[in-house]
Protein chains: 4
Amino acid sequence: MVYDDSSTPPRRRTGLWFLGARGSVATTATLGALALARGQAPVTGLVSELPEVARAGLVGIGDLVIGGHDVGGSMLDRAHELAASGVVPAATVAALADDLAAVDARVRPGATGTADRATADRLQADLEEFRAAHDLERVVVVDLTSTEPPAPQAHTVGTLAELERRLDDGTAPLPPSSLYAYASFRAGCPVVCFTPSTGPRTPALEELAKTLHLPWAGRDGKTGETLLKATLAPMFATRALAVRSWSAFNILGGGDGRTLADPAAAASKTATKAMTVEAVLGYPVEGPVRIDHVADLGDWKTAWDHVTFEGFLGTRMRMQVTWEGCDSALAAPLVLDLARLVARAHEVGLAGPLGELGFFFKDPLGSTEHALAAQWQTLTRWCATLGDGAPDAGGAAASDGAA
Amino acid sequence: MVYDDSSTPPRRRTGLWFLGARGSVATTATLGALALARGQAPVTGLVSELPEVARAGLVGIGDLVIGGHDVGGSMLDRAHELAASGVVPAATVAALADDLAAVDARVRPGATGTADRATADRLQADLEEFRAAHDLERVVVVDLTSTEPPAPQAHTVGTLAELERRLDDGTAPLPPSSLYAYASFRAGCPVVCFTPSTGPRTPALEELAKTLHLPWAGRDGKTGETLLKATLAPMFATRALAVRSWSAFNILGGGDGRTLADPAAAASKTATKAMTVEAVLGYPVEGPVRIDHVADLGDWKTAWDHVTFEGFLGTRMRMQVTWEGCDSALAAPLVLDLARLVARAHEVGLAGPLGELGFFFKDPLGSTEHALAAQWQTLTRWCATLGDGAPDAGGAAASDGAA
Amino acid sequence: MVYDDSSTPPRRRTGLWFLGARGSVATTATLGALALARGQAPVTGLVSELPEVARAGLVGIGDLVIGGHDVGGSMLDRAHELAASGVVPAATVAALADDLAAVDARVRPGATGTADRATADRLQADLEEFRAAHDLERVVVVDLTSTEPPAPQAHTVGTLAELERRLDDGTAPLPPSSLYAYASFRAGCPVVCFTPSTGPRTPALEELAKTLHLPWAGRDGKTGETLLKATLAPMFATRALAVRSWSAFNILGGGDGRTLADPAAAASKTATKAMTVEAVLGYPVEGPVRIDHVADLGDWKTAWDHVTFEGFLGTRMRMQVTWEGCDSALAAPLVLDLARLVARAHEVGLAGPLGELGFFFKDPLGSTEHALAAQWQTLTRWCATLGDGAPDAGGAAASDGAA
Amino acid sequence: MVYDDSSTPPRRRTGLWFLGARGSVATTATLGALALARGQAPVTGLVSELPEVARAGLVGIGDLVIGGHDVGGSMLDRAHELAASGVVPAATVAALADDLAAVDARVRPGATGTADRATADRLQADLEEFRAAHDLERVVVVDLTSTEPPAPQAHTVGTLAELERRLDDGTAPLPPSSLYAYASFRAGCPVVCFTPSTGPRTPALEELAKTLHLPWAGRDGKTGETLLKATLAPMFATRALAVRSWSAFNILGGGDGRTLADPAAAASKTATKAMTVEAVLGYPVEGPVRIDHVADLGDWKTAWDHVTFEGFLGTRMRMQVTWEGCDSALAAPLVLDLARLVARAHEVGLAGPLGELGFFFKDPLGSTEHALAAQWQTLTRWCATLGDGAPDAGGAAASDGAA
């Protein structure tokens with residue numbers, strides 16, 4: 001099935017701004033969006049093209065204008081690397097090299113150092129200029145930067161007023177992901193937290209989003225092992241089988257693997273990876289969750305899960321799963337899905353953490369549901385309500401669609 | 001959690017009649033029911049003890065009276081074999097040996113030869129005597145006999161009238177499972193088809209069940225690999241990932257393994273095992289489904305599934321699952337669940353194939369849904385409606401509960 | 001490590017004639033030989049470049065001249081297919097396209113029909129012309145044609161004289177692989193049986209090889225699952241662990257997978273695959289050996305082996321292995337190794353089945369040893385004796401090297 | 001095959017002294033030795049009963065007298081625990097309870113605190129009294145205590161004289177395993193290091209063993225994952241396949257799992273586990289080696305190894321192995337094997353680290369060979385030389401058998 005833009009409603013040009021724009025996921029997503037818009041790629045992997053989701057009245061892929069923040073590198077170099085390791089087709093990179101370079105030209109220097117007022121203003125200005133320059137109805141910011149270590153200090157700033165003071169003072173204890181979130185909200189942009197980093201999840205930033213009536217979604221895209229857990233754990237629950245241990249080992253290379261070889265960064269990731277099983281089952285389950293760097297695997301991740309469980313009359317049984325996936329290929333379409341869905345939520349006037357998007361995340365902010373099938377049902381029902389007010393549904397004003 | 005009978009409503013003594021009563025599954029189910037009734041076993045594995053299902057107003061485990069048909073052997077011998085291979089605890093067998101012998105004394109000689117009137121009458125009389133002798137409100141018949149080869153001739157008997165004539169003539173082309181179904185319906189008993197054998201699935205027998213307003217359910221209990229398929233295939237579907245191949249290999253020992261080493265019998269089983277993935281995904285998926293006998297595994301079954309799938313921009317990925325389960329331990333509690341649920345359906349006056357029980361079966365008769373989570377939702381909603389008319393709900397007559 | 005031809009002895013131009021020259025293995029081997037000769041590929045996978053084997057005084061890769069028999073197709077087309085499925089680098093195919101076309105021009109029409117004198121003469125003439133045209137010291141014939149079903153009739157021809165008569169009569173019950181072997185021997189060429197087909201393994205053909213004092217080697221290259229069995233079974237033996245079952249499942253696509261989807265052809269293959277474990281352990285071990293065709297896997301083969309074993313005081317344990325290999329990439333270097341080693345054996349005057357090459361084969365003709373490490377030791381000791389008379393050893397005549 | 005004592009030579013009563021006598025391995029080994037001596041168990045798992053090893057002229061199992069050091073607990077309690085978790089048969093424990101209690105009565109309090117002269121003297125006296133009380137020709141000490149963290153300080157004591165002084169001073173920086181080794185050597189006993197702890201591997205203790213002309217062997221029994229590595233790595237080497245990564249994950253419960261959940265202790269273990277692959281292949285191979293505690297697994301250990309490798313023309317392939325073993329059942333027979341072999345080495349007058357026993361160890365002291373098949377060949381050749389001087393060979397004096 002190839003992406004077909006012919007039936008979409010009046011075009012709503014929408015910005016998609018990647019934090020970490022020259023990384024593997026952002027580059028794959030950009031390449032895919034360009035290929036899809038030209039009808040040169042199938043819609044495989046795009047949840048937003050399934051009828052149950054598409055009915056939400058989403059912006060067309062061809063109406064997305066992509067830009068972003070990053071430091072160093074180039075999207076084209078990254079795309080060639082991805083082609084060399086089999087993540088994207090070399091022919092697609094060759095065919096779209098000019099388009100990719102055009103997107104890359106819109107990438108602005110990102111935040112690296114301390115969280116101060118000047119940097120925040122600069123980031124905000126980048127977003128506002130991007131929106132104006134391309135005549136965009138809105139811009140969705142998606143955080144795809146490297147996973148940060150947990151940032152407990154960020155949570156100590158209890159109010160927006162205090163945060164503003166400390167930004168002025170140059171003492172705001174925000175990690176880069178949170179500074180980006182601040183600038184994004186200030187620019188009137190919804191935010192998607194695709195990593196486990198802190199981002200907008202601090203009291204002061206949540207207050208800011210609320211004040212400005214902006215939606216946001218997170219966190220940590222559910223692409224592999226956790227996807228399996230969210231799928232398999234409910235099977236044990238509804239069959240009344242008692243899970244006794246769930247051990248999870250991940251090996252991966254690439255930039256993500258290098259980042260997660262740092263125990264501090266890995267701590268953020270294993271925390272979100274560990275919550276699913278217990279959240280679904282409702283009781284504690286022992287077992288390690290580990291991420292190890294194996295450079296030779298490149299952008300490919302192999303996960304091995306080993307589960308022991310108990311059945312009737314105490315009989316002990318085992319299940320093992322090996323998942324050999326390509327993280328960028330799994331994540332990239334979800335990024336496009338989220339951008340389209342969050343843009344639609346913004347269009348219809350929704351605000352706050354969008355719990356209905358838990359289907360996409362390891363740690364579903366705004367929701368307590370971790371079972372994939374239940375998340376799917378929540379998502380598709382929500383899409384139906386969003387669709388009722390869609391421009392192509394020809395009727396109610398956008399704000400009617402708000403929950 | 002231990003089974004607690006204290007809060008159950010006025011007792012409704014219910015018969016549970018096993019076809020193949022001295023086999024591994026029936027013996028494990030019987031032992032488990034006895035242990036549960038005495039509070040000597042946890043309810044692990046019993047779906048009918050989960051609150052979402054228990055609310056249907058089910059008969060207490062302690063109110064089940066068990067009997068059955070079989071040829072040769074003894075339940076106690078079988079129980080000792082099961083204990084030796086680790087399927088059931090030896091201590092439980094020792095503690096319940098007398099009770100098990102009492103059940104075994106109710107087992108009557110089964111059907112082995114041709115399908116004639118005399119045998120049908122004998123089987124029917126066994127059921128009626130059992131019901132009368134134990135003052136039972138109803139008797140649910142569960143087919144746990146060895147898997148038969150497909151029986152295409154049985155489907156050529158187009159009407160009940162023709163079937164009756166051919167039984168009189170001694171020319172009825174019914175396999176034993178269908179003769180049992182005939183006798184069970186004639187005795188006014190609902191039937192559960194826990195194997196892939198033909199059973200009541202012929203035009204004449206379906207007509208008989210309809211005429212007598214009896215419910216029945218099937219077929220082929222979903223205990224291992226197919227349970228995984230019903231769980232995992234929807235994940236690929238809702239993530240828009242294109243499954244390219246799904247190869248499934250099963251090795252098992254025990255009596256079931258010996259039976260399925262016969263290609264004719266295996267044909268029935270692999271047919272039901274193969275349908276799930278394509279039914280969920282909606283497109284053809286290549287890949288073998290095999291069952292091989294490895295005597296050394298005893299009652300344990302190991303399944304290896306290998307799945308290839310395609311994601312964004314055509315990236316190819318793989319998943320493998322190894323399932324090491326004990327078939328009897330997985331099947332036995334489902335048998336008790338089904339007996340309780342079908343008894344309740346009979347009590348409230350339902351008839352025909354109970355599609356709402358698809359959660360339990362590889363080939364869900366009366367339903368086209370194969371995704372486990374969707375089947376779970378259907379089941380639990382149905383249980384809620386059944387419960388509205390339950391005796392312990394104190395009010396409406398049983399027939400009000402009928403859908 | 002890149003192949004280095006500088007230190008090789010005086011050149012001995014040697015022919016390498018592939019039966020099935022346009023198949024995946026022959027094309028990969030040809031491409032590899034061309035790349036190695038130009039120093040454009042590393043020697044990874046080439047056993048004959050390990051010092052323990054290279055000391056046998058082998059012909060240089062650059063001195064191999066390749067031709068063969070086949071029907072239809074072209075090596076270049078096949079090479080492009082292999083590049084598309086990731087078996088060989090596309091850049092290598094592009095760089096060597098002309099050379100590959102030159103080899104392809106030497107491919108002659110193969111045998112397809114009945115085994116008669118005229119065909120035998122034609123095949124023989126092809127080999128003799130090839131040797132003369134390229135001024136070759138000798139030509140080694142390697143059978144890489146599709147696996148044939150077992151050919152019991154071929155064994156009923158008890159003597160060479162009888163075979164000659166029946167070839168004259170046009171009633172010789174030889175499968176193509178055996179007719180090729182007849183023609184090869186008649187042309188004075190040693191033969192390598194890389195498939196499980198009958199080839200020279202009939203009384204009459206063995207007599208022919210003996211009469212003409214020609215060496216030959218077989219059979220069925222050991223590239224994946226059987227390689228693992230030959231490696232792992234000795235571990236159980238020397239640790240006194242009792243293997244109770246060994247189940248082996250293979251899924252593969254490509255031409256080989258299509259051929260083996262035919263149960264008759266698969267019978268030849270599963271027979272050679274099944275013998276290793278019992279041969280090493282010395283006692284019968286139950287468990288299926290299966291090969292299934294999954295087109296989506298292309299030239300890649302995945303094997304899953306499941307082993308149960310018993311240890312001290314009867315404790316039961318398990319091992320599973322999953323092997324994800326590319327058959328052509330695994331087989332191709334072994335083909336070059338065998339051609340070089342058999343050429344050397346011919347040079348030093350050896351005749352009959354070369355049991356010392358069992359390291360390479362599932363069914364090691366001329367040897368009863370199946371343990372890989374023992375086969376390696378036999379091979380390397382033999383190579384040392386061959387090397388004693390090697391031209392580069394500066395002295396003794398070739399025939400001195402004969403064992 | 002059941003152990004048959006009838007053909008053994010004149011009895012040589014031999015002591016077997018376990019450090020950690022009430023642990024799982026020692027208890028399993030003791031139970032097995034008792035059962036074997038009575039002909040109540042098969043010899044499965046006993047390498048020393050294979051003809052190639054038995055020819056060394058080993059002491060009979062029935063001539064072993066067992067004692068040991070430990071703190072707290074009882075062997076019978078431990079045996080019941082092992083029976084409950086399926087490691088040993090409950091019937092065997094019941095049948096041998098009295099014998100086990102008799103062994104337990106010989107267990108003396110072990111070393112727990114600092115390494116001082118008084119403790120060393122006490123441990124030495126325990127061994128001498130044991131030898132005298134039971135009229136033993138010799139006593140072999142086997143260290144089965146919990147794995148210690150690396151003890152770099154122990155290596156700073158450069159000479160025996162300095163060690164003696166510091167023991168007198170009470171400042172000897174020896175971990176318990178080394179203090180036991182000191183006492184054992186002083187008592188004239190050979191030592192087997194079955195754990196990765198320091199034991200006799202310090203300059204001063206090696207000097208002591210040399211001075212007293214005592215043999216010792218180590219270290220860290222090779223029972224599971226490392227056994228697989230030692231078996232599989234040579235396959236890659238002799239096939240010229242380039243291993244690119246080897247990731248190894250172990251999950252286990254039991255006391256060993258608890259000990260190794262301590263990163264300091266695990267460091268000793270992962271160090272010995274990591275060396276095999278690189279030692280066999282001769283080049284560095286990346287990949288994590290991890291041990292995690294999963295209490296639910298009890299005495300069972302599951303290892304998952306994931307290997308990537310490169311073949312001809314750079315083709316990338318993968319192998320995975322899952323090993324589900326029972327550590328005590330795998331280790332216990334090796335302990336008996338080692339006791340018999342080291343006793344024989346002592347009998348024939350050998351001294352120093354016995355590199356010929358590398359077959360049994362992860363870190364083969366006195367040898368650089370890590371390939372299992374090569375270690376097997378070394379072992380069996382050595383056994384042949386030991387057998388030449390065996391009492392039952394009726395000839396040369398014992399000392400003639402020394403290498």
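Start with the sheet in chain A: it is an open one of 7 strands, ordered S3-S2-S1-S4-S5-S6-S11, and the pairing is parallel. At its edges you'll find strand S3 (107-109) and strand S11 (352-353) of chain A, each of which pairs on one side only. Bear in mind as you look around that this is a predicted model.

Now zoom in on strand S1 (residues 14-19) of chain A. It runs parallel to strand S4 (residues 138-143) of chain A, and 6 bridges join the two. If you want a landmark in that pairing, look for Leu16(A), which stands opposite Val140(A) in S4(A). Lying across S1, strand S2 (64-70), S3 and S4 of chain A is helix H6 (residues 117-133), which runs at about 150 degrees to S1(A).

Hop over to chain C for another view of a sheet. Here, too, 7 strands form an open sheet with parallel pairing, in the order S3-S2-S1-S4-S5-S6-S11. Strand S3 (107-109) and strand S11 (352-353) of chain C each have a single partner strand, so one side of each has no neighbour in the sheet. For S11(C), look at strand S6 (residues 215-217) of chain C: the two pair in the parallel sense over 2 bridges.

Helix H6 (residues 117-133) of chain C lies across strand S1 (14-19), strand S2 (64-70), S3 and strand S4 (138-143) of chain C, at about 150 degrees to S1(C).

Is S1(D) buried or exposed? Its 6 residues are buried, 6 of 6, so the strand is largely enclosed by the rest of the structure. In a regular strand, side chains alternate between the two faces of the sheet. In S1(D), Thr14(D), Leu16(D) and Phe18(D) point one way while Gly15(D), Trp17(D) and Leu19(D) point the other, and all are buried.

S1(D) has pairing with two strands to look at. It pairs with strand S2 (residues 64-70) of chain D in the parallel sense over 6 bridges, and there the bridge partner of Gly15(D) is Val65(D). It also pairs in the parallel sense with strand S4 (residues 138-143) of chain D, again over 6 bridges, and in that pairing Phe18(D) stands opposite Val142(D).

The largest nonpolar core has 536 residues, and Val142(A), Val142(B), Val142(C) and Val142(D) touch the most other members. Setting aside residues up to four places away in sequence, Val142(D) touches Leu16(D), Phe18(D), Leu19(D), Val192(D), Phe194(D), Val335(D), Leu338(D) and Ala339(D).

One more stop in chain D is Ala266(D), in helix H12 (residues 263-281). It has 22 C-beta neighbours inside 10 Å and therefore counts as buried. Apart from neighbours within four places in sequence, Ala266(D) is in contact with Leu260(D) and Ile291(D).

Now step back to the chains themselves. A rotation of 180 degrees, with 0.0 Å of shift along its axis, superposes chain B on chain A (RMSD 0.0 Å). Within chain B, Val321(B) comes closest to the rotation axis, at 2.2 Å (C-alpha). Both copies use the same surface, as 100% of the contact residues of chain B recur in chain A.

Strand S10 (residues 316-326) of chain A and S10(B) pair in the antiparallel sense over 7 bridges, with Gln320(B) as the bridge partner of Thr322(A).

Finally, compare chains B and C. A rotation of 180 degrees with 0.0 Å of shift along its axis superposes chain C on chain B (RMSD 0.0 Å), and the two copies are thus related as by a two-fold rotation axis.

Conventions: Residues numbered from 1 in each chain as written. Chains lettered and ligands numbered in written order. Predicted model: local features only at pLDDT ≥ 70, side-chain atom pairs only at ≥ 80, totals over all residues. Least-squares fit on C-alpha atoms with pLDDT ≥ 70 in both. Pairing = 2+ DSSP bridges. Helix = DSSP H or I, 4+ residues; strand = E, 2+ residues; numbered from the N terminus. Core = buried A, V, L, I, M, F, W, Y, C linked by C-beta atoms within 7 Å. Buried ≥ 20, exposed ≤ 12 C-beta atoms within 10 Å, placed from the backbone. Contact = placed C-beta atoms within 7 Å. Axes fitted to C-alpha atoms, helices over the stretch in contact; angles between N-to-C directions.
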